[in-house]
Amino acid sequence: MNITIHRGTNQIGGCITEIESNGYKVFIDFGEDLPGTENANKELSPIDGLTCGDISKSALFITHYHGDHIGKICDTVADLPIYVGETALEIYNCLESRLSYIPDEIEAEKHKKIVERIKTIKTFEALDKIPIGNITVTPLWVDHSAFDAYMFIVEADGKKVLHTGDFRGHGFRSKALIPMLKKYAKNMDYIISEGSNILRPKASIQTEQELQKDFETQFKNHKYNFVLISSTNIDRLFALYHAAKKAKRCFVCDTYQTHILKIVSENHKKYTKFYDIDFEQTSNPAGRFFEIKRFSKLDGIFKNYLDRHGFCMPIRTNTIFTPYLEEYGKSDETKIVYSMWNGYLDQEKSAFNPALSEFLEPYEFEHKHTSGHADIETLKAVFETVNPKHGIIPIHTETPEKFEELFPEQNIIRLQDGKVFIC
């Protein structure tokens, strides 16, 4: 077995891992470099079996739908098999279909190509055993800020590797992490592990459960609530819904966000009531779900309802929300919350969405967020639980050298982009 990190040994996002055995190749993730980073405009060298050459013995597995993990799938050889979680694929298709209609013609065309490529993607479920020649890949479901995210166990030549993808230990479903690893990630030889928060020891100071309680308190104390949030941060969105319902506030979403929530609710409410939303509006009137359409008017019975009961409204930098912000945004009874990584607001360091600061500029707002990535204690617990025989390979981090300092009891194997590591 050979391991090659084509990109990601010293950066967050845009990681590409190759595990090869007897000519068969499993690639894990193929995403965009994060905008504003050192390598953002650097051209990637051709990768045999992924972007060029013979792909008859290759397959690409995607850990989750964030753009820095899946965004370059159209750069693969056209017939390369790609595997993604079933619900993750539906969410990603919904997102890309929407982006294919944006005014920017070049960007819209890029997203249209992704939508076409999505039609060819295969899906898997947790614990499926997927053979790629003599390599076997087993997905393990994990908690992340992207829903339906996975680790992968890759087995070949008597060796076993755990690729963590992005994960965390402080989400709603994180209690299952260590028991799952104890049961399924036995006798691992190597861990290829993300380290996004290595330099941010307080990145996950709150759990998602604690954050939901904070929002519930806020909604009780403030009648009108706007939360600027990623449309695909699924667990946070459902937490807002439940917090609003307990505070007896309406929950108001646009059609696109409603579609995303319905995908998850229909696929997963059979597992837990957390993903069960009363879209039919038959619950307590003060906790009703409202869908606002593109040409909805803020007047009449609807406005009277919002004025009476108050609301929580997840928002994005979209003009559909402008009338609501203009009507309620500066009221003494209003609270506006920014619930994403605060680095997105730093236009000097990041080019993710420069419109964010402009969108929020007229209003006072508070930052409430917790990371989608594992903190140091969670990484330590995972490493001690799996206890790989031969070592840990850092990835998805700008400071791989910190692994040696923070986890001295582990054998840390630092690779360089593009260099083959023979297991």
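User: How many bridges join β7 to strand β8?

Analyst: Strands are DSSP runs of E, at least two residues, numbered from the N terminus, and two of them pair if DSSP finds at least two bridges between them. Here 3 bridges join β7 to β8 (residues 135-142), and the two run antiparallel; Ile130 stands opposite Val137 in β8. This is a predicted model, in which local features need pLDDT of at least 70 and side-chain atom pairs pLDDT 80 or more, while totals for chains, interfaces and linings use all residues. Residues are numbered from 1 along each chain as its sequence is written, and side-chain values use heavy atoms, without hydrogens and water.

User: In what order do the strands of the sheet lie?

Analyst: The open sheet has 6 strands in the order β7-β8-β9-β10-β11-β18, with mixed pairing. Its edge strands, each pairing on one side only, are β7 (130-132) and β18 (391-395).

User: Which strands does helix α4 touch?

Analyst: Contact means heavy atoms within 4.5 Å, and helices are H or I runs of at least four residues. Helix α4 (residues 177-184) packs on the sheet, touching β8, β9 (149-156) and β10 (159-163), whereas helix α11 (residues 376-386) touches β10, β11 (190-194) and β18.

User: How many disulfides are there?

Analyst: With a disulfide taken as two cysteine sulfur atoms within 2.5 Å, the count is 0. For Cys52, the nearest cysteine sulfur, that of Cys74, is 17 Å away.

User: Is Cys250 buried or exposed?

Analyst: Buried means under 20% relative accessible area, exposed over 50%, and partly exposed in between, with a 1.4 Å probe and protein chains only. Cys250 is buried at 0%, while Cys52, at 28%, is partly exposed.

Terms used
Axes fitted to C-alpha atoms, helices over the stretch in contact; angles between N-to-C directions.
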